[in-house]
Amino acid sequence: MEQPVSYTLDSTLETVDHAEEKATRIATELGFGEDEVLQISMAVREGAVNAVLHGNQYAPDKKVILAFERTPEDLVITIRDQGKGIDLSGIPNPLAPENLLKTSGRGIFLMRSFMDVVEIRPSQTGTEVKLIKHVHGSSVGNKEGSQ
Amino acid sequence: MSMKLSTRQVDGVTIVDCSGRITLGEGSVTLRDTVRDLLSKGNKKIVLNLGEVNYIDSSGIGELVSAFTTTKNQGGELKLLNLTKKVHDLLQITKLYTVFDVKDDEAAAVKGFK
């Protein structure tokens with residue numbers, strides 16, 4: 001991936017799988033290790049789930065924009081939906097004892113667990129989630145000679 | 001690879017052998033339907049054998065929690081068996097590992113029911 005790439009995806013369950021597959025392929029191509037590839041793909045999957053379900057709410061006229069960019073230091077992944085914007089203050093801590101047995105609400109927590117930086121910017125025209133994984137070691141990115 | 005489930009009986013305990021992915025959509029629904037079907041037929045001692053589950057997302061975690069609480073609320077008991085490292089690690093970071101009754105030996109899991 002020498003240049004940033006961007007995909008415009010429908011608000012469907014298939015998009016979630018496609019986003020995960022693209023993340024797996026790109027992270028692998030960039031030379032991330034097996035565990036990191038899994039972490040990146042899972043974080044992207046969770047971001048895509050939130051965009052499709054909670055952001056766009058499966059609306060056929062709303063799209064999910066998924067973008068990958070390799071900077072000298074990082075893999076930067078952006079997931080943008082066209083929903084009404086998430087209320088971050090309304091998301092409970094999934095590790096709190098009273099929330100452990102809830103059946104949902106772990107997506108953002110998992111993204112934060114798997115990525116080095118997670119930035120969430122809600123607005124009334126959609127939510128943008130930026131997932132950043134630092135490039136560790138000399139092998140990552142060497143295929144592009146970009147280090 | 002989508003999720004596949006099969007059930008078998010061992011000494012009055014239902015073992016559900018799961019393989020594939022427990023993720024949003026088909027995988028989660030399949031697990032939910034299977035557990036509900038078992039409970040509706042009076043099978044309240046359930047072991048989910050996750051030895052062949054290679055991927056699980058937050059929806060899948062939610063389904064495991066739902067299966068656990070639904071079974072418990074109906075007077076039953078549900079245990080997890082043979083966690084792969086990926087699933088084990090996920091349950092650790094979500095602090096669910098100690099909530100579930102996790103076993104790594106089927107015979108011990110079966111004997112462990114009250």
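**Terms set against values**

Reply: A48(A) touches T15(A), V16(A), A19(A), V64(A) and I79(A), leaving aside residues up to four places away in sequence, where contact requires C-beta atoms, placed from the backbone, to lie within 7 Å. This is a predicted model, in which local features need pLDDT of at least 70, side-chain atom pairs count only at pLDDT 80 or more, and totals for chains, interfaces and linings use all residues. Residues are numbered from 1 along each chain as its sequence is written, while chains are lettered from A and ligands numbered from 1 in the order in which they are written.

Me: Why is A48(A) called buried?

Reply: A residue is buried if 20 or more other C-beta atoms lie within 10 Å of its own, exposed if 12 or fewer, and partly exposed in between; A48(A) has 29 within 10 Å, and is therefore buried.

Me: What makes β1 and β5 of chain B edge strands?

Reply: The open sheet has 5 strands in the order β1-β2-β3-β4-β5 (chain B), with mixed pairing, and two strands pair if DSSP finds at least two bridges between them. β1 (4-10) and β5 (101-103) of chain B each have a single partner strand, so one side of each is left without a neighbour in the sheet.

Me: How do you know that β2 and β3 of chain B are paired?

Reply: Strand β2 (residues 13-22) and strand β3 (residues 45-56) of chain B run parallel and are joined by 8 bridges, and G20(B) stands opposite V53(B) in β3(B).

Methods:
Contact = placed C-beta atoms within 7 Å. Helix = DSSP H or I, 4+ residues; strand = E, 2+ residues; numbered from the N terminus.
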